[in-house]
Amino acid sequence: MDDAVSTPVVDMVDIVKVFPGVRALDSVSFSVKSGQIHALLGKNGAGKSTLMHVLTGLYNPDSGSIRIRGTQYENLNTARAKEAGIALVAQHAKFVPGLSIAENVYSGMLPVGQFGFVDWKKMKRDASDRLGQFDIDIDVTRLMEETTVAERQMIEIARALFADASVIILDEPTAPLPKHDVAKLFEFVRRQRERGASFIYISHYLEEIFEVADHVTVMRNGTVAGSSPVKDITQPELIRLISGADVERYKREGSSIGGAVLEVKGLTRPGAYSEVNLTFHGGEVVGLTGLEGSGPGELARGLFGLETLGEGKVTLNSVPYRHGSPIAALQQGLAYLPRDRHGLGIIGIRSVRDNVSLSVLERLEPLFGLINSAKEKKLVQDYIDVLGIKTPSMSTAVENLSGGNQQKVVVAKLAATEPKMLILDEPTQGVDVQAKVELLRIVDDLSKRGVAVAVVSDELSELMDICDRIVVFYRGTIIREFRKDRDKITTAILLAAIEGETVETINAGV
Amino acid sequence: MQASKYIPTLLDHLIWVILVVVFVFFVFQSPVFLTSTNITNILTAAAVLGILVVGQTFVLITGNFDLSSESTLGVTALFGMFLIVPATPPYWGGGIMLNPYLAIITILLTGALIGYVVGFLITVGKMNNFIVTLAMLLILRGLMMAFTQGKPISGLNFEPADVYFWLGHEALFEIPDVARIPLAVVATAAVFGVGHIILNHRRFGRELYAIGGNRNAAIASGIDADRRIRQVYVMSGVLAALAGWMLAGRVGSIQVNLGDGYIFTVMAAAVIGGISLQGGRGTMLGALGGVLLLSTIDRGLNLMRVSVFWVKVIQGLIIMLAMFIDAQRVRYRTPHAKASVPSAAETSNKTA
């Protein structure tokens with residue numbers, strides 16, 4: 001594909017979108033040409049989803065212009081975006097699982113015969129023909145729930161195409177796919193591209209970009225960090241663009257590592273992790289990383305009692321660890337900062353005060369079982385000051401704070417329980433750069449007060465800045481362990497450990 | 001933008017503004033509205049309703065419903081009577097002529113048991129709270145009818161009944177023809193006071209708000225959400241029994257339909273008073289405002305001699321108004337409420 005000669009089907013110019021406390025899109029320009037597979041990369045919270053929400057009409061931008069197939073759209077909504085030819089294929093395509101493929105293909109426009117009854121024969125024939133046009137050879141009477149994820153994605157793309165879509169957004173399509181289906185999907189996407197369809201391809205897997213995309217745009221902190229034809233860029237350059245090595249960083253200086261706090265021996269949960277041996281020491285910060293689903297997140301949730309822990313030996317301060325519920329975990333001094341801040345971290349409609357004191361109310365109830373209000377306010381104010389939580393007052397609802405300050409509220413709630421072991425699951429996700437730095441400082445401070453800290457993250461540069469040790473998981477087992485004082489640690493080395501094997505298998509599969 | 005900052009606060013306290021407006025309206029409409037007797041009547045009517053609303057408020061704040069409380073009220077009131085009266089005509093009962101004090105304790109425990117069963121089915125049985133309490137509403141009402149064969153128990157003027165009727169019947173303080181403070185009103189005020197303290201100043205209450213606000217986050221903060229939910233249903237059951245005992249004394253007889261249809265008024269009062277049906281929001285003081293408003297309107301329309309049919313229509317409209325206010329409250333509180341997809345879509349993890 002030659003980028004220069006074809007005209008843009010999507011042309012977004014200077015798009016700005018502001019959420020309270022966060023500039024989600026800061027003057028972003030993005031254009032997709034006809035017959036192009038345009039990869040859109042960036043970390044979680046970089047602005048990819050927001051940009052796509054703007055393009056599909058879910059969000060109205062605060063300023064900027066959107067042209068689709070040459071037409072300027074002022075007030076794009078989801079219906080008009082669809083009409084204009086924008087279609088989104090989500091990772092898990094939306095189908096009615098209990099209906100046949102034919103019915104799903106026709107959803108909402110079933111052919112009706114005489115007497116107003118559905119003409120099943122016509123529907124089957126037409127559905128088969130239509131899918132055939134897109135080289136999908138499949139028995140359309142099968143139930144949707146019996147198809148593979150890859151088949152579903154292809155059917156969804158075909159459905160969008162014959163509904164006259166010209167730009168199809170593929171949001172991390174390959175994450176749930178087995179290797180051989182990835183190749184099949186790529187083949188399919190390339191064929192549709194030859195017919196003039198354009199794709200916006202969102203993925204975390206860099207190898208795929210080089211395999212399938214023509215052009216790549218990288219987003220970082222709500223701006224475009226770089227945009228170039230794929231043939232003119234290398235993988236290390238992409239990594240640098242994505243992680244933004246030039247942004248402000250926090251460096252942890254010096255640490256005094258104490259005795260073992262949490263010891264995990266031979267811990268196995270089928271389907272999550274196996275034979276995990278790990279020791280966390282007081283005053284130490286340990287990074288746990290790996291591909292999504294490779295074990296660290298599962299281990300964190302298992303230890304805190306949100307998921308089952310599995311079989312093995314776990315001790316906390318040399319005492320056997322009672323697992324199974326967050327209540328037990330907190331009682332024993334193990335606190336957990338959830339990855340899903342909105343789902344598990346904050347109680348958005350309640351105040352900063354209510355959130356921060358929530359886990360220590362028992363301690364604040366000395367007189368006749370009534371909460372000592374003065375003591376509570378002091379506790380909350382202390383954390384607001386120490387952690388630098390920016391809030392109009394402690395009675396402000398947490399949902400009105402910025403992402404970074406919401407996260408600090410959760411950290412304050414955990415710190416108030418005075419944990420011995422603190423597990424942070426993607427602590428800097430969805431917060432702005434400044435807040436990231438501050439959160440890392442807080443983590444450092446906590447560890448210097450003797451808390452054993454584990455950070456589960458795929459933000460490699462942050463792990464390198466803050467951790468004394470980085471433990472890499474691959475398919476549920478620990479494959480490498482790096483010590484700051486002993487080993488040379490670079491992003492490339494870590495990435496090799498994290499996805500080294502994945503790269504080989506993908507290449508082998510194609 | 002500036003003005004909209006005050007809208008949530010206004011919506012929260014709107015109830016007191018409306019109450020004053022409505023009150024003044026009725027004062028001008030009816031000459032007897034602003035008399036000691038009439039005020040006492042309003043408060044007396046508010047007493048039974050208020051106790052049910054306190055129980056309902058606890059349940060609603062956790063994000064659950066208790067539709068069964070009006071039937072619990074009916075069943076416990078009837079059960080208490082059944083225990084204290086003889087089996088011989090003109091009375092109709094169990095014939096055990098239980099000590100009335102024991103009968104009162106028994107019905108409060110019965111209320112607790114009903115609440116526990118409901119809470120157990122919801123938390124351990126993982127059943128939908130709306131349906132479970134709706135089913136319980138039907139079951140208890142049906143049991144009541146089957147048990148009495150539809151016959152009322154009335155004309156009870158012997159001593160054990162006096163004890164049983166004491167709470168709903170007696171006054172704490174009375175100057176004949178001048179002023180009367182019924183015991184029921186004082187008891188209800190006390191229940192509201194205790195409810196307020198529990199909600200605001202006890203760990204228990206704070207945890208209820210947390211559960212209603214975000215149940216999973218509450219659990220991840222070390223709260224035993226299921227246990228708390230069972231506890232609020234037990235509280236709702238006990239308070240419904242207390243209301244039943246009170247109502248029995250006020251009306252002096254037990255009809256099969258005692259408390260029938262009350263639940264609509266209870267829900268309306270709670271919601272008008274600012275208790276969010278989504279859970280996590282609302283105060284006891286607001287709920288009290290809702291109770292007083294509905295009782296005032298009811299009494300005022302009565303004095304204006306508005307037909308009972310129109311009263312129903314007006315009550316229905318009030319419930320709709322309450323839902324409208326609740327919807328506005330959610331709208332003004334939720335950031336970027338344009339699409340019902342908040343920024344969570346952007347910031348929360350996709351794979352979580």
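Two strands pair if DSSP finds at least two bridges between them. The close-up views below come from a predicted model.

**View 1. Strand β18 of chain A and the strand β13 beside it.** Strand β13 (residues 285-289) of chain A runs parallel to β18(A), and four bridges join the two. In this pairing, Leu288(A) stands opposite Val456(A) of β18(A).

**View 2. Strand β18 of chain A with strand β17.** Strand β17 (residues 421-425) of chain A is also parallel to β18(A), here with five bridges. Val456(A) of β18(A) has Asp425(A) opposite.

**View 3. The two faces of strand β18 of chain A.** This strand covers residues 452-456 and is mostly covered, with five of its five residues buried. On one side lie Ala452(A), Ala454(A) and Val456(A), and on the other Val453(A) and Val455(A); all are buried, and both faces of β18(A) are covered.

**View 4. A hairpin in chain B.** Strand β1 (residues 171-175) of chain B pairs with strand β2 (residues 179-182) of chain B in the antiparallel sense, over four bridges. Ile175(B) has Ala179(B) in β2(B) as its bridge partner. Three residues lie between β1(B) and β2(B) in the hairpin, and Asp177(B) in the turn has a positive phi of about 65 degrees.

View 5. Arg203(B) belongs to helix α8 (residues 203-213) of chain B. Arg203(B) counts as buried because 20 C-beta neighbours lie inside 10 Å, and a residue is buried if that count is 20 or more. Leaving aside residues up to four places away in sequence, Arg203(B) touches Leu361(A), Glu362(A), Glu365(A) and Ile371(A).

How values were computed:
Residues are numbered from 1 along each chain as its sequence is written. Chains are lettered from A and ligands numbered from 1 in the order in which they are written. This is a predicted model: local features need pLDDT of at least 70, side-chain atom pairs count only at pLDDT 80 or more; totals for chains, interfaces and linings use all residues. A residue is buried if 20 or more other C-beta atoms lie within 10 Å of its own, exposed if 12 or fewer, and partly exposed in between; C-beta atoms are placed from the backbone. Two residues are in contact if their C-beta atoms, placed from the backbone, lie within 7 Å.
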